[in-house]
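Subject: Handover of a structure and its findings

Dear colleague,

Please find below the structure that I am handing over to you. The findings follow directly after it.

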Amino acid sequence: MTFANFIFAVFLLLSAIVVMVLIMLIRQIRKDGNLPEEKMNTVVAVLFIPAIIIFALVFKGISDWRGEIQQQQERVEISKFVERIYSPLAVSQQSLRDSFVQMRTLLREIDELEITYPNHADMISTIRKEWSEAQIVLFDTYNNTDKEVRRAWIAHSTMDQQDVLAKFSKQAVYLEETLQKAEREYELSLHSSQDKLIKNLDSARKLIDANRKSPRKKQRILNKELLASLQPFNDRITHDLISYIGSVDSRLKVEIETLQELIRLSGQQVSILKTHLRKNPDLEKPLTIVINRWIDLEQKNREQLKQVLYAIEAEYVARKLGLSAKSPALTAMHKSLRVNIPAMVGNALALRKSIDQSYKVRRDF
């Protein structure tokens, strides 16, 4: 007896025991005679109907489970059949199955990425379309091949085995070539998406590099267009991106938090100074100068933080969509972040110090 049959037998035995207990309980209630006949019928329904429903559901679950086990057993036998006739076909079948599972996982994640990261939505949408088409090719190719394999396996067990083996041995070579071709097309699709991710990373890197060294005219135009297209980062995305970069380099996380604190402080100082200005209108000229300097510092820091977040987001999206951590594009991005972010923060701190020390003693009174 197989394990599945043993479990099924145990279930039937337990079900029989439950039914017997219910029957005995009902007989005891009838024997006591404490309930009118109409209420007795209600009690019987209350006791039996849920039991029948539970029995049906559990029976269906076990039947489905047994069916799955039988399918798995058949799959094992078919795999052995293929390996015995032409092992490269079995290897290619497994490889294509793994690729299909990988693609299905990526496609589940990519829809959420497209919604969550609107600054990269166009690129993500293009990649999703390419991957969806690749998934269809993978599924159709594997499914058609699997049908032929199962047909040969059934024929081998019901017809002239030698004749089936002779014919399927030749067909197996063709099927393996078909699978290999589908696998190559799938790899090309992945490479195409990786090229887009790399290009996106390079654009983000050149944008933040422009804060240290002046780019050429063409790159300046591209940077300007990119900056104009960037959408604001909400608090949740900002937190997630900073947490991500912290897992890569904790020092960068500290630097970015310093930049955030400078933005907060700048806004606070502007608010305080405007309050003083309302109370001291005769000091409008000197206070306005200081207010404008704090406003300029806040705006500059916000602009640079946006560029930094975009660069981190480009890296995060690339990693989520399968770009290798060893990719030269990612290595270049890390190097750029390690150089540019501390430089941005250093300049911002120097400017803050300059504002703090901008008070001058007047001698013309």
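Helices (H or I, at least four residues) and strands (E, at least two) are DSSP runs, numbered from the N terminus. The model is a predicted one, in which local features need pLDDT of at least 70, side-chain atom pairs count only at pLDDT 80 or more, and totals for chains, interfaces and linings use all residues. Residues are numbered from 1 along each chain as its sequence is written, and side-chain values use heavy atoms, with hydrogens and water left out.

**Overall composition**

The chain has nine helices and zero strands. Of the 365 residues in the chain, 34% are buried; buried means under 20% relative accessible area, exposed over 50%, and partly exposed in between (1.4 Å probe, protein chains only). The accessible surface of the chain comes to about 23,000 Å², and 57% of that surface belongs to carbon and sulfur atoms. Such areas come from the Shrake-Rupley method with a 1.4 Å probe, and for residues only the protein chains shown count as cover. Among contacts (heavy atoms within 4.5 Å) with a separation of 6 or more, 77% are between residues 24 or more positions apart.

**The nonpolar core**

A nonpolar core is a set of buried Ala, Val, Leu, Ile, Met, Phe, Trp, Tyr and Cys residues joined through side-chain atoms within 4.5 Å. The largest one here has 76 residues, and Trp131, Phe168, Leu321 and Leu337 touch the most other members. At least two residues of this core come from each of α2 (37-116), α3 (121-158), α4 (161-209), α6 (235-248), α7 (250-279), α8 (284-320) and α9 (328-356). In soluble globular proteins, nonpolar side chains tend to be buried together.

Which residues does Trp131 contact, leaving aside its neighbours within four places in sequence? They are Met103, Leu106, Leu107, Ile110, Ser189, Leu190, Ser193 and Leu321.

**Two threonines**

Thr116 belongs to helix α2 and is buried, at 16% relative accessible area. Its side chain reaches the backbone oxygen of Glu112 at 2.7 Å. This is a polar contact, that is, a pair of N or O atoms within 3.5 Å; within protein, one must be able to donate a hydrogen and the other to accept it, and residues adjacent in sequence count only if both atoms are side-chain atoms. Beyond its neighbours within four places in sequence, Thr116 is in contact with Arg236 and Ile237.

Thr145 lies in helix α3 and is also buried, with a relative accessible area of 2%. Neighbours within four places in sequence aside, Thr145 is in contact with Leu89, Gln93, Leu175 and Leu179.

**Salt bridges**

Side chains of opposite charge can pair when their charged atoms come close. A salt bridge is a side-chain nitrogen of Lys or Arg within 4 Å of a carboxyl oxygen of Asp or Glu, and by this rule there are 14.

- Glu148 and Arg151 form a salt bridge at 3.2 Å, N to O. The two are three residues apart in helix α3, which means a separation of about one helical turn. Glu148 is partly exposed at 24%, whereas Arg151 is exposed at 56%.
- Arg251 and Asp249 meet in a salt bridge at 3.3 Å, N to O. Arg251 is exposed, at 58% relative accessible area, while Asp249 is buried, at 9%.
- Asp356 and Arg352 form a salt bridge, with their closest N and O atoms 3.3 Å apart. They are four residues apart in helix α9, and so about one helical turn separates them. Asp356 is partly exposed at 43%, and Arg352 is partly exposed at 31%.

**Aromatic pairs**

Rings of Phe, Tyr and Trp (its six-membered ring) pair if their centres lie within 6.5 Å; planes under 30 degrees apart count as stacked, over 60 as edge-to-face and the rest as tilted. The structure holds four such pairs. One of them, Tyr244 with Tyr316, is edge-to-face, at 5.1 Å centre to centre and 70° between the planes. This pair links distant parts of the chain, since Tyr244 is in helix α6 and Tyr316 in helix α8, 72 residues apart. Tyr244 is buried at 15% relative accessibility, and Tyr316 is partly exposed at 21%. Ring pairs also link Tyr117, Tyr244 and Tyr316 into a cluster.

Yours sincerely,
A colleague
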